[in-house]
Amino acid sequence: MGVAVTNLQRAVPVSRTRVRRIVDLALSELGRSGSEVHLALVNDLTIRRLNARFRAVPRRTDVLAFPLESPGPSRLLGEVVISAESCRRQARRLGVPLGLELDLLVVHGLLHLVGYDDRDPLEARLMHQRARAILEAATGATPARLWSGLLAV
């Protein structure tokens, strides 16, 4: 099992098949094909509570990543939590399909699990460039508006 997808929200329809496909492709691109990932889709309230509890940031976010990799022999890379409501809102704002925005958030979360960090501007640029390369490998091309506010296109 490469990815376990748990949908804990009902407001936004999500294709588990699509999520599994992008996780598998991204893990392959990152050289982590044998890894396992848990991915949870939640609502804004839940992700706000998780963000407050684990990052001491009392507001909602779109994606959280919890690396669980240990030095011993474990295939579990970690857990990614995505707010489906934030995903839908961002897709509408950017004028991109919901599935494409979800792909971006999944890849973003996976990059966090393997050590990328977007708090530093240089690191953020490297992270977003890597996300773009992975998504373009998956889809052939991505609309420039998907990267609005993330990268200079």
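In this predicted model, strands E3 and E4 pair in the antiparallel sense, over 5 bridges. Within this pairing, phenylalanine 66 stands opposite glutamate 79 of E4. Strand E4 covers residues 76-83 and is mostly covered, with 6 of its 8 residues buried. E4 also pairs with E2, here in the parallel sense and over 7 bridges. Alanine 40 has valine 81 in E4 as its bridge partner.

E2, residues 36-42, is in turn joined to E1, residues 3-7. These two strands run parallel and share 5 bridges. Valine 5 is partnered by leucine 39 in E2.

The loop between helix H2 (44-55) and strand E3 (63-67) contains alanine 56. Its phi is positive, about 60°, although the residue is not a glycine. Most residues other than glycine have a negative phi. Alanine 56 has a relative accessibility of 64% and therefore counts as exposed, the cut-off being over 50%. A positive phi also occurs just after helix H4, where glycine 115 takes a value of about 110°.

Helix H4 spans residues 98-113. At 1.5 Å a residue, its 16 residues should span 22 Å. The end C-alpha atoms of H4 are 23 Å apart, which agrees with that expectation. H4 is mostly covered, and 14 of its 16 residues are buried.

The largest pocket has a volume of about 740 Å³. It is lined by 29 residues, of which Thr61, Val63, His108, His112 and Asp118 are the closest to its centre.

Alanine 91 is found in helix H3. Its relative accessibility is 4%, so alanine 91 counts as buried, the cut-off being under 20%. Alanine 91 and leucine 146 are 55 residues apart in sequence. In space, their C-alpha atoms are 8.2 Å apart.

Glutamate 123 lies in helix H5, residues 121-139. At 36% relative accessibility, glutamate 123 counts as partly exposed, because this value falls between the cut-offs of 20% and 50%. Glutamate 123 and isoleucine 134 are 11 residues apart in sequence. The C-alpha atoms of this pair are 17 Å apart in space.

Note on methods. Residues are numbered from 1 along each chain as its sequence is written. This is a predicted model: local features need pLDDT of at least 70, side-chain atom pairs count only at pLDDT 80 or more; totals for chains, interfaces and linings use all residues. Side-chain values use heavy atoms; hydrogens and water are left out. Helices (H or I, at least four residues) and strands (E, at least two) are DSSP runs, numbered from the N terminus. Buried means under 20% relative accessible area, exposed over 50%, partly exposed in between (1.4 Å probe, protein chains only). The expected span of a helix is 1.5 Å times one less than its number of residues. Two strands pair if DSSP finds at least two bridges between them. On a 1 Å grid over the protein atoms alone, a cavity is a set of points where a 1.4 Å probe fits but cannot get out, and a pocket is an open set with protein on both sides within 12 Å along at least five of seven lines; lining residues have an atom within 4 Å of a point. Grid points are joined across faces, edges and corners, and a volume is the space filled by probe spheres set on the points.
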